[in-house]
Amino acid sequence: MDHFPIFLATSGRRIVLSGGGDAALAKLRLLLKTTAHINVFSPDAAPEIKTWATEGKLTLIPRAMEPGDAMCAALFYAADEDAVEDKRTAAIAHNDGALVNVVDNLEDSQFITPAIVDRDPVTIAIGTEGAAPVLARAIKADLEEKLPNTLGTLARIGKTFRKMSYRLPFGRARRDFWRDYYFNAGPAAMTDGVEAVQPALDALLDDHLNRKAREGHIAFVGAGPGDPELLTLKARKALDEADVVIYDRLISPEILELARREAIMLDVGKEGFGPSTPQEVINDLLVEHGMSGAQVVRLKSGDSTVFGRLDEEIDAVTAADIGWHIVPGITAASAAVASIGQSLTRRGRNASVRFLTGHDMQGFADHDWAALAKPDQVAAIYMGKKSARFVQGRLIMHGADQNTPVTVIENASRPDQRVLSTTLAHLPADLADAEMSGPALTFYGLAPRAASEAAATLITREFA
């Protein structure tokens, strides 16, 4: 064991990082989980780092490091992505008394940063002494499974080959190589004995050096309603492979945590009746990163085929001749109705259910309200908080019973989920009193089943 694992107290202590590019971003996404005071030195920091500085999450000094800048620092990261500059800043930090890590340079580092499974206050750290970061990521993702006995041997052999892998471009090309080694070529070679692994590595590197670069691809992934346990296995795999993740406002932080730390994360949030990223900008981002050869995940809340403007984005990437596929997700209506113990359809009550979006007022105006106003009809209304009075008026105007049950579910499937149980007559007033600020889904024609009320944060007419 060349590196002794410890957990370092960071509260109130200083951590310094030099660099402002992709390597710096990858380290900062982890360091920002600590309670340390983080100082970043970079004359040309990435926009995301500047945003974190503006938000007070770190201190950005827009210049190169100078002697004394790492004084009293517990840790220092050289993430300049330039060997000469890394050597210079590491020497400064060493002289200032800080423990030094040079990103992607095990030999000149005094410590390494492990892969971390964060379930605060329980933290699981996974390290391979810098030999196999892709392997560490795989262990993190599949911690529940028993690990093969050969992994340690493969990691030791892989460590001796690490510099040879630098002949491949930084990023996906190297990751694909190491993934191929640890999960295909390496284990296959081990069946013929340890002495067969080194020749297999040589052959594998030659193969990857001569491979055509992987073409860009877009995965339109439904992230479900917010609970990471409702994410499909196929969605998890897509996130683990992604070079770029373009995500919506309603994606929960717990799901974003599942993406690779090195992935470029782009927030293109749209807020109903509020600030939004124009659809044309989203389309352009998909095409830009897809054309660059990146594996892109377009992460949409719920199911990407339901009120997600999916067709417009597919048309954009198809016109650019970029490959794509769709990964379905659990739509909010399914998760929300499950939380109140109901079903969307029931024999003898309703043989169909309507999915509406309250954001599209023009579409609302054209809807067949007379049919929906009939007894025992059910509708799931997405983004319907601001249109509640409009819905009430249209339904009553067409003869709907004012005592028809209506249930509004905020933050469906999440720990802060709330359920408002009301009627059509009282819907706008009760909704205003409840002061729901999170995403909400309205069910017309359904009330919470009695058995589910004990498990829900229920708001009833007594709220007002």
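Where in the protein is confidence lowest, and where is it highest?

**View 1. Confidence across the predicted model.** The structure shown is a predicted model. Its mean pLDDT is 87 for the protein, and 90% of the residues score at least 70. Confidence is lowest in helix α14, residues 361-365, where the mean is 57. Confidence is highest in strand β2, at 98. Where pLDDT is low, the predicted coordinates should not be read in detail.

**View 2. The open sheet that contains β1 to β5.** Five strands make up this open sheet, and their order is β3-β2-β1-β4-β5. The pairing is parallel. Strands β3 (59-61) and β5 (99-102) stand at the edges, and each has a single partner strand, so one side of each is left without a neighbour in the sheet. On average, neighbouring strands of this sheet are turned by 20° against each other, direction ignored.

**View 3. Strands β1 and β4 side by side.** Strand β1 covers residues 14-18 and strand β4 covers residues 73-78. The two run parallel and are joined by five bridges. Which residue of β4 is the bridge partner of L17? The partner is Y77. Strands of a sheet pair through backbone hydrogen bonds, either parallel or antiparallel.

**View 4. Helix α1 across the sheet and against α2.** Helix α1 spans residues 22-31 and lies across β1, β2 (37-41), β4 and β5. Helix α1 runs at about 165° to β1. On the α1 side the contact is made by A24, L25, L28 and R29, and on the α2 side by E48, I49 and W52. By class, this contact has five nonpolar, no polar and two charged residues.

**View 5. The open sheet that contains β8 to β12.** This open sheet has five strands in the order β10-β9-β11-β8-β12, with parallel pairing. Its edge strands are β10 (264-267) and β12 (323-327), each of which pairs on one side only. From one strand to the next, the twist averages 20°.

**View 6. Strands β9 and β11, with helix α11.** Strand β9 (residues 244-247) pairs with strand β11 (residues 295-300) in the parallel sense, over four bridges. In β11, R298 is the bridge partner of I246. Helix α11, residues 279-291, packs on the sheet and touches β8 (217-222), β9, β10 and β11. The direction of helix α11 makes about 155° with that of β11.

View 7. How many cavities of 30 Å³ or more does the structure hold? There is one. The volume of the largest cavity is about 40 Å³. Its lining consists of I381, G384, S387, A388, V391, L427 and T442. By class, four of the lining residues are nonpolar and three are polar, with no charged residues.

Notes
Residues numbered from 1 in each chain as written. Predicted model: local features only at pLDDT ≥ 70, side-chain atom pairs only at ≥ 80, totals over all residues. Heavy atoms only, no water. Pairing = 2+ DSSP bridges. Axes fitted to C-alpha atoms, helices over the stretch in contact; angles between N-to-C directions. Contact = heavy atoms within 4.5 Å. pLDDT = per-residue confidence, 0-100. 1 Å grid on protein atoms, 1.4 Å probe; cavity = no way out; pocket = protein on both sides within 12 Å on 5 of 7 lines; lining within 4 Å. Points joined across faces, edges and corners; volume = space filled by probe spheres on them. Nonpolar A, V, L, I, M, F, W, Y, C, P; charged D, E, K, R; others polar.
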